[in-house]
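Dear colleague,

My notes on it come after it.

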Amino acid sequence: MAPSKRSIVGEHFKKTSDKCVICQICKREFKSHGNTTNLKEHLKRIHPAHITPVLNNEEELDLNLSNPSTSFSNNSNNIQQTEPCFLSAPKRCRQLKLYGSTEGNNLTDEVKNSIYESLIKTIVTDYQPISLVENSGFLEYSKKLQPLYKVPSRKTLTTKLLPNEYNKIVIILKKMLENVASLSITTDIWTSDNNIAYLTVTRHFIFDDHLYSPVLATREMRESHTGVNIANLLSDILNKWGIKDKIVTIVSDNGSNIKNTINVHLCKHHHPCVAHTLNLSINEAIMSNNDFQDVLKKCRTLVGHFKHIIQDVSTRWNSSVHMLDGLVQIKALLSAAMTYLPRAPDLLTALDWELITDCLPILKPFDVMTVELSGETYPTLSSVIPLVRGLQHMLKSIITNTTAGNALQKIVIDVFGRRLGILECDKIVAKSTFLDPRFKKAGFGLIENANNTEKLLTEEIFYILNNKHQDDTCSVPIDVESNVLWKQFDTKVSQVRSTLYTGITASLIIRQYLEMPYLNRKQSPLDFWKKNKNIFPELYMLQIKYLSVPATSVSLERVFSKAGLITNDRRNRLYPKNLDFIIFLNRNTNIEF
């Protein structure tokens, strides 16, 4: 004999005594003398989602709008409680309508698509594993929220939903890039926890007076990391997006293979990541100072013993600064605690503390500069030259009290000037600084470098105006009846007039720009150009080209850090294509055209 179907009351209420039952959903207790009418009314009005699946097997629920509240006897205080009725639809539209369902007890396409989008957003925003849709806890939770919703399978998610969402953003970005004449990219190779190498590319451009830094692609790098192989993979990505001819510069670290890729095989301008160069500069200075290295080792031993103090990371020099700064802040507490610990490591001596306090003012400004140049929502390359000059001035003004501190100061000044001082002569960096209304010529350390940059920009404006003049000339019909004897002369005069006009105009544009007041350093240069695009249309075009270039490739480092959350033990079988989808959507979901 087939087992009888369990009633609604029996499924959602549990008997606690002879005269009392408790609701398993909200844990409210009710009196019951064998009559279940009040219990059914409680389910209808307060928990309609839990009785929706059995509507076809049980009695049809009557929504009596003339009685908007029902009284239930509460066991704890024996008083009447009023529970509101939130079902204000006619009898024909029952609880199913609350979930966006159709008459056939199914969700509408609009509701299902909305839930699918939220599911994808949950996975890509929080970097949840794709296998989430197979987890029993998640399935139960989804059923509680929406009984009529069927969670898609893992296969549906990876073959349909993720690609569809990816393609939507691709279409938006391609439409934006059609209206962008110049952009820059950053690229680097990273390795996942399961030892798979990936090449990630980000692009940086100004569109509608806003700076964008979306991820372009993340591809598996199967071949050896030679310049040729990297160039082939990178070219494939750039050609897919149709942006290879729009690239102003490519930002990356100083690795010889990536530099070979950019300069030799792609024939593009290479801009070294300033943050990476700062890291090399400080590491070189620290490695040449044995006294400071000895103190660092002692500090690491202390931090390793207490664990809760900020620890440094060997690959990031600024983490050592944070560690030393943290120790200085708790110096008194640390010294007191060490006297009561029998197995504590050696305490820092007075000379050690003096060396730390002597060296911290030398190293801290580098950390501040790294943070300043690592932003993604504002122009950063234009700030490089003034920040370099400001840091050089600060380093020279620091007064040291120890031999090790004095030695560190000298080597830092020397290394910093050698590695970063030359950026003032870099054409792209210099043009970016000149076109930033906060800096103009004042941002340069040497006036001759500022003057050379002015000449370069004047020539570029001349080129823009000359092309525009030629286009206008070509559109003018030729007078066939003109005397052929004057043809050579007229052509010569026209060329001279064109050259003089564009040359004078280019110089006047630059002069007029320089005579305008400097923009406040805390204001956005993009807002300035938005307001003055009609006054300086040629300079507006150039600032789009140069202010969009990032000073660092830190945006890639952030991608790598997040990507490590995906390629862990729970996701070690994630296909590279799905990884590309997830990283792309994580970084680009909020982009709107």
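The notes below take up a cavity, a pair of helices and a sheet.

Please bear in mind that this is a predicted model, in which local features need pLDDT of at least 70 and side-chain atom pairs count only at pLDDT 80 or more, while totals for chains, interfaces and linings use all residues. Residues are numbered from 1 along each chain as its sequence is written, and side-chain values use heavy atoms, with hydrogens and water left out.

The structure holds two cavities of 30 Å³ or more, a cavity being a set of points, on a 1 Å grid over the protein atoms alone, where a 1.4 Å probe fits but cannot get out. The largest cavity has a volume of about 100 Å³, where volume is the space filled by probe spheres set on the points, joined across faces, edges and corners. Its lining (residues with an atom within 4 Å of a point) is made by 19 residues, and His 204, Gly 375, Glu 376, Thr 380 and Pro 550 lie nearest the centre. Strand E8 (210–212) and helix H20 (554–566) are the elements that give two or more residues to this lining, and H20 gives the most, with three residues; helices (H or I, at least four residues) and strands (E, at least two) are DSSP runs numbered from the N terminus.

Turning to the helices, the axes (lines fitted to C-alpha atoms over the stretch in contact, with angles from 0 to 180 degrees between N-to-C directions) of H3 (residues 109–126) and H5 (residues 154–178) come within 11 Å and cross at roughly 90°. H3 is therefore roughly perpendicular to H5, a term that covers 65 to 115 degrees. In their contact (heavy atoms within 4.5 Å), residues including Tyr 116 and Ile 120 in H3 meet residues of H5, among them Leu 161 and Glu 165.

Finally, three strands form an open antiparallel sheet in the order E1-E2-E3, where pairing requires at least two DSSP bridges between two strands. Strands E1 (13–15) and E3 (29–31) are the edges, each pairing on one side only.

Best wishes

Notes
1 Å grid on protein atoms, 1.4 Å probe; cavity = no way out; pocket = protein on both sides within 12 Å on 5 of 7 lines; lining within 4 Å. Parallel < 35°, antiparallel > 145°, perpendicular 65-115°, else oblique.
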